[in-house]
Amino acid sequence: MRPVRLRYTYELLDSLGAFRGPESVLVDPRPATEAEVMTVHTQRYIEAVRSLSSGASPQDAAWYGFSNSGDNPIYLGMYESALLSAGASLVAVEQVVDGRVSVAFSPSGGLHHAMPASASGFCVFNDPAIAIRALVDRGLRVAYVDIDAHHGDGVQEAFYTTDAVLTISLHESGRYLFPGTGSVDEMGTGQGVGYSVNVPLAPYTDDDVYLWAFQEVVPPLLQSFRPDALVTQLGIDTYFSDPITHMALTTRGFVKAVELLAQAARSIPWVALGGGGYDLSAVARCWALAYGVMLGQEWPDAVPQEQQARLGTAKLRDESPPQIPDYNREASRRFAEATIQEVQQRIFPYHGL
Ligand SMILES: [Zn+2]
């Protein structure tokens, strides 16, 4: 989660000329206010983050999910940087609800694991949940689609009991990957039953299997839910060479999924967030391509000369899919089919499908 991944993305887009045209505008982030963070997190947790961030003794740190040996290390200034990435996603919300743009991309956001009273999985403040809350507070029905390789557990948790927010997470099954949750039977409770949707997939899931599963679930649910706004988490740790997950997407599968999300957001505001992704070249190239989809622009395939060494390739798009043994390909297909059948049987009836 080193910030250099955002710098590579920005610099690649800049060299592609992404910010030169009138259709694109760069907007500065602002820190989220404490009141905004408190729409999702407890005051005690916010205070703990603030005091750990300024060097207080880490006595209770583990209680709040922090440790210097795990996913959530304590570092000086983490409170300010977490406020800034939550605030960036709120700026994205403001841009789209005020009608200044139809889609806003906040690549430092998408920190979907943070819980009300603890940090988790590299995430301190849950900016997707904070952004969704800001939209709901403006009276909007919100659909959230999370295509990160990990289950969007913190966002699911934040809206588990309401039907005002539909959350859909496609991810590598919790049997194989952190955080271990995200099975189809986590469907919401009370008013929210049927409004938390999980699509667990197997290791080695490739573009074709992924896109099939996506098409089976996401467009019909969005059409039936009829959201007023779409929030997406565009983690790209589903990528075949990602070092911490086991899925097998390429630029083609990722971009197609983003195109389908863009279609769903045709006539409603769209807040696009970043997320995971630990192959630095894949992160920069995939998010640059995703930004092209948002602008309705197809970038040329050549990576600008000065970026080629750092990205390890001269091409923006992958040319050949990864080699997957037949046995694994077949197993991932059967896994996806079983998941989709379960979603259709258990969730679709709540949506008249
Ligand atoms: Zn992830």
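Helix α9 has 16 residues, and in this predicted model the distance from its first C-alpha to its last is 23 Å, close to the 22 Å expected at 1.5 Å a residue. Most of the helix is hidden from view, as 15 of the 16 residues of α9 are buried. Both ends of the helix are worth a look.

Which residues does Leu295 touch, once its neighbours within four places in sequence are left aside? The contacts of Leu295 are with Ala18, Glu23 and Ser24. Another pairing shows how the fold brings parts of the chain together: Leu295 and Val103 are 192 residues apart in sequence, while their C-alpha atoms are 8.5 Å apart in space.

We can now turn to the metal site. The zinc ion has protein donors from Asp148 (OD), His150 (ND1) and Asp237 (OD), at distances of 1.9 to 2.1 Å. Along the chain, these donors follow the spacing D-x1-H-x86-D. Are Asp148 and His150 buried or exposed? Both of these residues are buried.

Note on methods
Residues are numbered from 1 along each chain as its sequence is written. This is a predicted model: local features need pLDDT of at least 70, side-chain atom pairs count only at pLDDT 80 or more; totals for chains, interfaces and linings use all residues. Side-chain values use heavy atoms; hydrogens and water are left out. Donors are N, O and S atoms within 2.8 Å of the metal (3.2 Å for Na, K and Ca); water is not among the atoms, so sites may look incomplete. Buried means under 20% relative accessible area, exposed over 50%, partly exposed in between (1.4 Å probe, protein chains only). Contact means heavy atoms within 4.5 Å. Helices (H or I, at least four residues) and strands (E, at least two) are DSSP runs, numbered from the N terminus. The expected span of a helix is 1.5 Å times one less than its number of residues.
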